[in-house]
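This briefing is for a reader who is new to the structure. Please look at the sequence and the model first, then read the points that follow.

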Amino acid sequence: MFERLSKPAKNAITAACAEAARRGDRLTDDVHLLIGCSMVRSDTSSMLKDAGATRSRIIEVLDGLDNEGFNEDDVRALAMVGVNFEAIARAAEDVFGKGALDAGPRSRLRGPTKRAARLGPSGKQAVAQALSETINADARRIGVEHLVLGVLHDPSPRCRAVTVMLDLDYDSVRARLAERSG
Amino acid sequence: VANDVAADAASADPAVGLQAVAAMRRLADRLEVLHVRRARSMGWSWQQIADPLGVTRQAVHKKHAGEEAR
């Protein structure tokens, strides 16, 4: 599968792995691949840029999701397993000040690292789907456009949340790509 | 009441249980950031912070030193 990757697609995956490491994420997921695709020089990244999905915008949306506070569903789910969120929030506010648990930077499993993060399950699934897209398009090499479609075909919940906020979906991106190549 | 909660948790919809797990993880993460930040402002060494967390000094430094620099 990987031997069929075009150079820009390879670069996109390398950029994605570096981005995951920079964020302190243990694995390279589909959402990192989307960031990687937005970073390499290609028609597809220009299309993403035109659609508002630049690297900085994707990261901004992802940071917003990761730094989210606790909503009513979280509080209810915690109560179901015997955790009193209100009591913890009150105690935290006594020590750290008002709104201590509202939102803020999430601590990572590990800090940023220089070593690239390897592809995780959702990343691998996106690359496998990219190969299917390549075969369906009768193309020889997996291009960045196939990678993007691979990501958008059946994204992980975290990636789906990002793509919904960016208004990117499989069908519309596919149509945009067809428009550009046609 | 505690038994009722336990029974609810045991029979809970997996979606609720999983959401609780994710929320607990985020809660723990958030509290860790707040406590580490406070401990550092009080002059605690990375080793002093690492001990109660049950991790190495290097691990806690790697995870939180970046935030200190911000």
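## Salt bridges and a covered helix

Over all chains, the structure holds 13 salt bridges. The model is a predicted one.

**A pair inside helix 1 of chain A**

- Arg22(A) and Glu19(A) form a salt bridge, and their closest N and O atoms are 2.7 Å apart.
- The two residues are three apart in helix 1 of chain A, so about one helical turn separates Arg22(A) from Glu19(A).
- In an α-helix there are 3.6 residues a turn, so residues three or four places apart point the same way.
- Arg22(A) is partly exposed, with a relative accessible area of 40%, whereas Glu19(A) is buried, with a value of 3%.
- The cut-off for buried is under 20% relative accessible area, so Glu19(A) at 3% counts as buried.

**A pair between helix 10 and helix 3 of chain A**

- Arg180(A) forms a salt bridge with Asp50(A), where the closest N and O atoms are 2.3 Å apart.
- Because Arg180(A) lies in helix 10 (residues 170-181) of chain A and Asp50(A) in helix 3 of chain A, the pair ties together parts that are 130 residues apart in sequence.
- Arg180(A) counts as partly exposed at 41% relative accessibility, while Asp50(A) is exposed, with a relative accessible area of 58%.

**A pair between chains**

- Asp74(A) and Arg26(B) meet through their side chains in a salt bridge of 2.8 Å, N to O.
- This pair crosses between chains: Asp74(A) is in helix 5 (residues 72-80) of chain A, and Arg26(B) is in helix 2 (residues 14-41) of chain B.
- Asp74(A) counts as buried, at 3% relative accessibility.

**A network**

- A network of salt bridges links Arg23(A), Asp25(A), Asp29(A), Asp63(A) and Arg158(A).

**Helix 2 of chain A**

- Helix 2 of chain A spans residues 30-39 and is mostly covered, with nine of its ten residues buried.
- The buried residues in helix 2 of chain A are Asp30(A), Val31(A), His32(A), Leu33(A), Leu34(A), Ile35(A), Gly36(A), Cys37(A) and Ser38(A).
- What do the buried residues of helix 2 of chain A pack against? They pack against helix 1 (7-23), helix 3 (43-50), helix 4 (55-66), helix 7 (121-136), helix 8 (144-153) and helix 9 (157-166) of chain A.

How values were computed:
Residues are numbered from 1 along each chain as its sequence is written. Chains are lettered from A and ligands numbered from 1 in the order in which they are written. This is a predicted model: local features need pLDDT of at least 70, side-chain atom pairs count only at pLDDT 80 or more; totals for chains, interfaces and linings use all residues. Side-chain values use heavy atoms; hydrogens and water are left out. Buried means under 20% relative accessible area, exposed over 50%, partly exposed in between (1.4 Å probe, protein chains only). Helices (H or I, at least four residues) and strands (E, at least two) are DSSP runs, numbered from the N terminus. Contact means heavy atoms within 4.5 Å. A salt bridge is a side-chain nitrogen of Lys or Arg within 4 Å of a carboxyl oxygen of Asp or Glu.
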